[in-house]
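Subject: A structure for you to look at

Hello,

I am passing a structure on to you today. Please open it and have a look around, then read my notes below.

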Amino acid sequence: MSSSLEQFTSLLFRVVNGLGLLNLFLLLLIKAKLLLGSYKLHSLQSKFLFLHPCQVDDGVVLPDEASLYLTAIEDAEYKDDKIEFWNNVYGFDMSCIKKQAMMEPLVDTVDQKQIVTNCHLLKTMDISKMVLGDASFTAPFKLIAERDDYIHAFVAYFDVSFTKCHKLMGFSTGPRSRATHWKQTVLYLEDVLTICKGETIIGSMTVAPNKKNPRDVDIMVKYSLSGRRCVVSRVQFYKMR
């Protein structure tokens with residue numbers, strides 16, 4: 001009975017924490033919290049959270065593969081309502097709060113009709129082999145406009161795969177897929193980009209646990225556009241709490 005309970009607990013914690021990771025790969029941040037003593041778990045839970053699959057007969061981590069994607073959207077209405085709102089709050093200039101609002105990514109559902117560019121694969125990770133350092137990475141991206149439009153934000157989302165099953169399975173949390181409770185992560189831009197079909201935004205995204213509080217995720221996005229109607233190059237910083 002005890003052995004069966006431990007095996008069930010092992011699988012449960014792997015699935016729960018594996019899925020929790022995938023919104024910007026936060027599983028390794030959970031590990032960091034444990035290592036730094038931020039959380040206190042029962043010894044049985046800690047044992048199986050860190051147990052490598054090879055230490056258990058036929059052990060697997062599910063899902064075992066995750067991919068992070070980036071795209072760009074038009075979102076003038078929401079940005080005006082939630083970000084530009086601080087420029088005039090019932091007659092008061094509260095624009096000092098606007099900068100803070102811009103730095104906090106929004107987790108929300110994006111309408112696929114808002115997508116302006118292709119979806120770029122930033123990084124694919126084998127969850128069963130991930131170590132603490134894998135939570136920090138820099139990945140380049142190239143977004144190509146699929147129509148003439150404005151761009152107000154980047155959107156990050158993830159796909160997962162269950163490659164160890166007898167039949168390949170998986171799902172996407174992207175805006176073109178069925179909605180999930182993970183939704184998408186929206187990163188608003190300081191600039192409103194005017195882009196024409198075929199033009200390209202190039203840049204890079206850097207993700208890392210915050211040094212002072214590993215529960216937070218620091219994100220840096222570098223991007224540039226040299227188009228017919230808009231030329232811009234900027235670096236923006238975000239903090240996901």
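What share of the contacts in the protein chain with a separation of 6 or more comes from residues 24 or more positions apart? The answer is 73%, where contact means heavy atoms within 4.5 Å.

Before you go further, please note that this is a predicted model, in which local features need pLDDT of at least 70, side-chain atom pairs count only at pLDDT 80 or more, and totals for chains, interfaces and linings use all residues. Residues are numbered from 1 along each chain as its sequence is written, and side-chain values use heavy atoms, with hydrogens and water left out.

The mean for the protein chain is 82, and 76% of its residues reach 70 or more. Over residues 15-25 the pLDDT stays under 50, and the model has 36 contacts beyond four places in sequence for them. Residues 29-50 are also below 50, with 33 contacts beyond near neighbours in sequence. Where pLDDT is low, the predicted coordinates should not be read in detail.

Now for the fold. The protein chain has 5 helices and 10 strands; these are DSSP runs numbered from the N terminus (helices H or I, at least four residues; strands E, at least two). Strands β5 (residues 149-162) and β6 (residues 169-172) pair in the antiparallel sense over 4 bridges; a pair requires that DSSP finds at least two bridges. The two form a hairpin with 6 residues between them, and F162 stands opposite M169 in β6.

Next, the inside. Of the 241 residues, 43% count as buried, meaning under 20% relative accessible area with a 1.4 Å probe, protein chains only. A nonpolar core is a set of buried Ala, Val, Leu, Ile, Met, Phe, Trp, Tyr and Cys residues joined through side-chain atoms within 4.5 Å. The largest one has 29 residues, and L193 and Y223 are among those with the most contacts inside it. Strand β9 gives the most to this core, with 5 residues. Apart from it lies another core of 10 residues, including L62 and W182.

Beyond four places in sequence, the contacts of G203 include A139, F141 and Y223.

Enjoy exploring!

Conventions: pLDDT = per-residue confidence, 0-100. Buried < 20%, exposed > 50% of the residue type's maximum accessible area, 1.4 Å probe, protein only.
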